[in-house]
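Colleague: Before I rely on the terms used for this model, I should like to hear the reasoning behind them. May we take them in turn?

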Amino acid sequence: MHGAHNEEELRDVERSLARLRPAAAGIDRDELMFRAGQAAATGRAGLAPGVAVLVALVASLAGAGTTWLARPAAPERIVQVTVEKPVLRVVELAPIMPAGERPERSVARADYLELRDRVLAEGMDALPSLGSAGGAAPGGTIDDLWRDLGIPPRHRARKAWAPSAGRSAQS
Amino acid sequence: MRKATPMAVLAFLAACLCATATAQEQEQVAVRRLAVRPAAEPVPAMRYRLMPTFHEREPGNAATVLKTAALMLVEHRDKEALDKVAKWGGMPLEQLPREEVQSVLSQFADVLRYVELGAWRERCDWDWPLQEGAAMLLPDLAAYRNMARLLALKARMQILEHDYDGAIHTLETGFAFASHVAEGRILINGLVGSAIASLMLDATGDLMQAPDAPSLYWALTALPRPLVDLRQAIEFELTGMAFWPKELRKPEQMYLSPRQWAEVFRSLGNLVGEGSRSGSLSPTAIALVTYTDAKRHLLEKGRPPEELEAMPVLQVVAIYLRDGWRLRADEALKWWYAPYPQARAGLDAIERVVAEARKDKSGWLVALLMPALQRARFHQMRFERRIAGLRAVEAMRVHAGVTGAGLPARLEEIERVPVPLNPMRGEPFEYELRDGRAVLSAPLEPDGRPEDAFRYEIELVR
């Protein structure tokens, strides 16, 4: 149904095209050539100085740019910087030195172990409090968050996470 | 007569001392007093629950939502409000300042909503940065404690307003929250989860005493046991040597230069803490003190001498320390796996194992790194005992509801529902009915402290 309709439309177009007849060209070749020559002669005199200036400007900019890009880099310098090792800690070895005695647990230890043993001994109240103000201001930085949780940013000494630090009387 | 007088004085003094000691002992034992009413079993039996069933839960990871709640709590500026919440937790229900409590709870409504969203999720993966080892930071845990206090306060407030269905839903959220917190792979998760669940049990005790409160016998019975399972965390810390430098876990498989071994031993500073003298963790000193024993140990194990000579000195020491740890860790673990009533003596012995490790050079890390296993297991069982105790009280309420009589003279009289045993002993609780008041108790465990004692005094009111 749909195809038959299309076919009918195509036939209409075909019939319309068949009715078209060739007609003589409406352009006078001689006149066209004359006018083209005339236009070329009048335009050249006005454009020439402008084009010259433009070319000169582009050339000079290109030259300057090339010079700037090609200039030698600052001379390389080798600087020696002492970098502190971030996480290695030292420990009191003394307790294992004499006659196999071991270090006492009172020696400050890594954060998790300290917290774990405190919670085992004292219960959940051994967890540090949420900080002095209950939290960072909305939109605060991550450093604010750590501070308010009673934890210093990672690049600072980690021992501040020890539960005794910042624990409120309530907790 | 002359002889008799000093004897009498001595006897009198001894009697006074005994009386004082008994009085002190009684004073130290914490007693929970419960005034309860008869209550029939609910119909249908599981009408009330204290833990969501799996099919009621929402898909997804609880940890992501709970961490959001923690951030919301941290951003809350009213620190005083949290202090009040902590204070109200220890206050008798009828003394709570209702309006102020409601006002504070409304301040934290968003936090409580997110705790609920997280608690009712199917699973919980905390995804801690375990590669950080013992230096790992766990800032969220303090926030979870405050969330638990808020939840318990909300439940108690609902009880005060006779909204028992609401209170049971809040407690259900609280127990689910506790079990999610306990799901971390490290021991502290289990300990905090257990403490959160204890707060919920406190509020459950308040609900049991409320007028016309429904029976929670089957709801308590349906709580998972153990509610907080520390097994995975204990295995992770002991067998997995989770907080040891990884090179020390399988030192015989490491091919490191002496310089690299020295670095490994210096990194032990992360585990055992900072000393007062800079640079005092000297691998050379460790080698000097330990190497002879370490070498003898490996020769006795059948290692060829030429192989030992070819090994870096500190690698020999590392194997020695690792073996010392494994020996004692397994000695502790085997008792962890045994049922508690049978394991108590063995668990007590762990402390001796740790103490003896101090005298042995292969054991010095044991004393530093091993958690107090006996105490951890005691925590777990103490919690189970509380659930059993509350079930026993609920059994008495059901008994009173069915028979119309008062409290039973003996626990054996309760026939309608089973009376739970004391899980710490595997035997019935001690029970006594005196002047219309029942005393349900358990003997103080050898490893327990006075505050760990179990003694409920129950009064039946109509």
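Modeller: In this predicted model, the secondary structure of chain A consists of 4 helices and 0 strands. Along the sequence, these give the pattern α-α-α-α.

Colleague: How much of chain A counts as buried?

Modeller: Of its 171 residues, 23% are buried. The criterion is 20 or more other C-beta atoms within 10 Å of a residue's own.

Colleague: How do you know that the length of helix H14 of chain B fits its number of residues?

Modeller: Helix H14 (residues 283–300) has 18 residues, which at 1.5 Å a residue should span 26 Å; the end C-alpha atoms lie 24 Å apart, so the two values agree.

Colleague: What is said to be kinked in H14(B), and where?

Modeller: The helix has a kink of about 55° centred on Thr290(B). The angle is taken between axes fitted to the seven residues ending there and the seven starting there. Thr290(B) is also among the buried residues of H14(B), which include Ile286(B), Ala287(B) and Leu298(B). The buried residues pack against helices H12 (258–266), H15 (305–310) and H16 (313–337) of chain B. Just after H14(B), Gly302(B) has a positive phi of about 100°.

Colleague: Which residues touch the most other members of the largest nonpolar core?

Modeller: Among them are Val115(B), Met147(B) and Ile196(B), in a core of 147 residues. This core draws at least three residues from each of domain 1 (28–236 + 377–453) and domain 2 (250–371) of chain B. Leaving aside residues up to four places away in sequence, Ile196(B) touches Tyr144(B), Ala148(B), Gly174(B), Phe177(B), Ala178(B) and Val181(B).

Methods: Residues numbered from 1 in each chain as written. Chains lettered and ligands numbered in written order. Predicted model: local features only at pLDDT ≥ 70, side-chain atom pairs only at ≥ 80, totals over all residues. Core = buried A, V, L, I, M, F, W, Y, C linked by C-beta atoms within 7 Å. Buried ≥ 20, exposed ≤ 12 C-beta atoms within 10 Å, placed from the backbone. Domains from an automatic or database assignment. Contact = placed C-beta atoms within 7 Å. Helix = DSSP H or I, 4+ residues; strand = E, 2+ residues; numbered from the N terminus. Expected span 1.5 Å × (residues − 1).
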